[in-house]
Amino acid sequence: MFLSVIIPVYNAEKYLNDCIDSVLSQNFADFELILINDGSTDSSGDICEKYVLSDNRIKAIHQKNDGVSSARNNGLKHASGKYVCFIDADDYILPGYFESIYKAFSEKSYNIVMHYKNAGNYVFNGYKDFIKSKFYFNITPFYVFDRIFLQENDILFPTGITHSEDHAFLIKSIVSSSTIKVIDNSYYVIRYNRESATRRQLTHKASDSHIEALLDIIKYCNKKSIDDAFLYKRVMQGTFHYFILLLKIRHKNFSYNHAKCSFIDFLLKVAEIKPDAVRNSQIFIAKHLFFILFPYYVFKRIKNHNKL
């Protein structure tokens, strides 16, 4: 079998039919569809079972609610295709999607094929140039993976977190890859604005999840003896910029003190795992601590004093 399509499902009754129908309407038929019902409390589970009865390529697996990472990992466990992709239950794909993936993998045994609108066509031999390029997006459905490649490199989604699990999974996949193909493909349709959704969900729990995801990346790279100063610096910078975003938008559910404590805690944990990652980024960290966080802290103190 060429392709395993994994759709994690949680209370998605409004869009699930459209999502599944978009998969079944593909002209390319050499695939299996794995629906992971993650403890839905609406009719999503019944919808999954309805489709199982209509097409023998469909599997429905029901689990207790444990999050999208757990659902995707469960899908990987039951997948049998040579390649694997993920579709979110509230998104859908246009006709021609599977054919474009098949064409890309027919050229060569790539570890990963990344598809995106107006991306052009490129091949990267190794992760370093890809990480530095404009093509990296931390949205898992924009990628298709060699399933055995994922297995051999022990690549799974980090569980127990609510944010940034895509980023952790993708970075672990990319740094383990030897060949990445980028293709121009506009067949995947995101139904809503993910950035807006992220802004609505900015909480202390979200920031803690982001830290856990980044620590998962650093632990994985350290375990695989990947010693790349640029990669670790990129992770450190990404973390800092994330907290700056939280502070700048002044979200009601997020406080300066939590950002400060979380970032310092992150640095201490990274130092335990990979001391060089902190040392190589210390100039960047020091500069931003002084020029961004310190003025923001002063501004907050003055504002609070004026309220008295």
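Contact means that heavy atoms lie within 4.5 Å. Keep that in mind as we walk through this structure.

## About the model

This is a predicted model, in which local features need pLDDT of at least 70 and side-chain atom pairs count only at pLDDT 80 or more, while totals for chains, interfaces and linings use all residues. Residues are numbered from 1 along each chain as its sequence is written, and side-chain values use heavy atoms, with hydrogens and water left out.

## The nonpolar core

Let's start inside. A nonpolar core is a set of buried Ala, Val, Leu, Ile, Met, Phe, Trp, Tyr and Cys residues joined through side-chain atoms within 4.5 Å. Buried means under 20% relative accessible area, exposed means over 50%, and partly exposed lies in between (1.4 Å probe, protein chains only). The largest such core has 75 residues, and Ile7, Phe130, Tyr143 and Ile174 have the most contacts inside it. Helix H7 (residues 165-176) gives the most to this core, with six residues. Helices (H or I, at least four residues) and strands (E, at least two) are DSSP runs, numbered from the N terminus.

Which residues does Ile174 touch, not counting residues up to four places away in sequence? They are Ile112, Tyr127, Phe130, Ile131, Tyr136, Tyr143 and Ile180. In soluble globular proteins, nonpolar side chains tend to be buried together.

## The sheet

Two strands pair if DSSP finds at least two bridges between them. Here, eight strands form an open sheet with mixed pairing, in the order S3-S2-S1-S4-S8-S6-S9-S7. Its edge strands, S3 (58-63) and S7 (122-124), each pair on one side only. On average, neighbouring strands of this sheet are turned by 20 degrees against each other, direction ignored.

Strand S6 (residues 112-116) and strand S9 (residues 180-184) pair in the parallel sense over five bridges. Ile112 has Ile180 in S9 as its bridge partner, and both residues are touched by Ile174. Helix H2 (residues 44-54) packs on the sheet, touching strand S1 (3-9), strand S2 (31-38) and S3, and its direction makes about 155 degrees with that of S3. For such angles, axes are lines fitted to C-alpha atoms, for helices over the stretch in contact, and angles run from 0 to 180 degrees between N-to-C directions.

## One side of helix H1

In H1, the buried residues are Leu16, Cys19, Ile20, Ser22 and Val23. They cover an arc of only 155 degrees around the axis, so they sit on the same side of H1. The arc is that of the directions from the helix axis to the C-beta atoms. These buried residues pack against S1, S2, H2, strand S5 (92-93) and helix H4 (97-107).

## Cysteines

How many disulfides are there? A disulfide is a pair of cysteine sulfur atoms within 2.5 Å, and the count comes to zero. Cys19 is in no disulfide, and its nearest cysteine sulfur, that of Cys48, is 9.9 Å away. Cys19 is buried, with a relative accessible area of 0%, and Cys221 is buried at 1%.

## Residues in loops

Asn11 lies in the loop between S1 and helix H1 (16-24). Although Asn11 is not a glycine, it has a positive phi of about 45 degrees. Asn118, in the loop between S6 and S7, is not a glycine either and has a positive phi of about 60 degrees. Is each buried or exposed? Asn11 is partly exposed, with a relative accessible area of 32%, whereas Asn118 is exposed, at 62%.

Ile226 sits in the loop between helix H9 (204-223) and helix H10 (229-249), and is buried, with a relative accessible area of 11%. The C-alpha atoms of Ile226 and Val175 are separated by 8.0 Å, although the two are 51 residues apart along the chain.
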